[in-house]
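Let's take a walk through this structure together.

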Amino acid sequence: PFERIYKLAIPRGVAQEILEHVEREYPIEACGTLFGRVGRGTALVERAVPLRNVLGSSTAFWFDVRDWMKAIMDAKREGLEYIGLYHSHAREQPLPSLADRHRMLECPGEVWLIVAYRPGGEPCLAAYRIDDYGSAIVRVGVELL
């Protein structure tokens, strides 16, 4: 079971890696995994691992589950915890789509970081989690370190 996460703390270097991935993939939704350490309701992201969006879509994402599991097992061997996923939206606001909400139900407690990005604009980050079926989506604070 996950410890409930209320804040996602992201070092600027890791945030920059995520943004570079998002910029490279635009307008396709970029996606990847977040790893680090969780304690006292805060998840400190120590690594972001990009995954390939197998849908190749600008409005949806998914990845090869084997790549996802390999990233999780590699991080676990290094003592890092799985925090959740990140992905991008090619629009102004980092709000979860209906498809995102449905997918979030598959892994309750997992944090989803959404990066709203348009070339020439200021990227906007927001994170969410859902605890179980029937519960509301909870906004998770994002702090850049």
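A residue here is called buried when its relative accessible area is under 20%, exposed when that area is over 50%, and partly exposed in between, using a 1.4 Å probe and protein chains only. Arginine 66, at 65% relative accessibility, therefore counts as exposed.

Before going on, a word about what you're looking at. This is a predicted model, in which local features need pLDDT of at least 70 and side-chain atom pairs count only at pLDDT 80 or more, while totals for chains, interfaces and linings use all residues. Residues are numbered from 1 along each chain as its sequence is written, and side-chain values use heavy atoms, with hydrogens and water left out.

Back to arginine 66: its side chain meets that of aspartate 64 in a salt bridge, 2.8 Å from N to O. The term stands for a side-chain nitrogen of Lys or Arg within 4 Å of a carboxyl oxygen of Asp or Glu. Aspartate 64 has a relative accessible area of 22%, so it's partly exposed.

How many salt bridges does the structure hold? There are 10. One of them joins lysine 7 to glutamate 143, again at 2.8 Å from N to O. That pair ties together distant parts of the chain, since lysine 7 sits in strand S1 and glutamate 143 in strand S7 (residues 137-144), 136 residues apart. Strands (E, at least two residues) and helices (H or I, at least four) are DSSP runs, numbered from the N terminus. Arginine 37 and glutamate 46 also pair up, their closest N and O atoms being 2.8 Å apart. Then there's a network of salt bridges linking Arg4, Arg129 and Asp131.

Now for the inside. In soluble globular proteins, nonpolar side chains tend to be buried together. The largest nonpolar core here has 21 residues, and Leu8, Ile10 and Leu113 are among those with the most contacts inside it. Such a core is a set of buried Ala, Val, Leu, Ile, Met, Phe, Trp, Tyr and Cys residues joined through side-chain atoms within 4.5 Å. Elements giving two or more residues to this core include strand S1 (7-10), helix H1 (12-25) and strand S5 (111-116). H1 provides the largest share, 5 residues. Apart from this core lies another, of 19 residues, including Leu80 and Tyr128.

One last stop is helix H2 (residues 65-77), where you'll find methionine 73. With 39% relative accessibility, methionine 73 counts as partly exposed.
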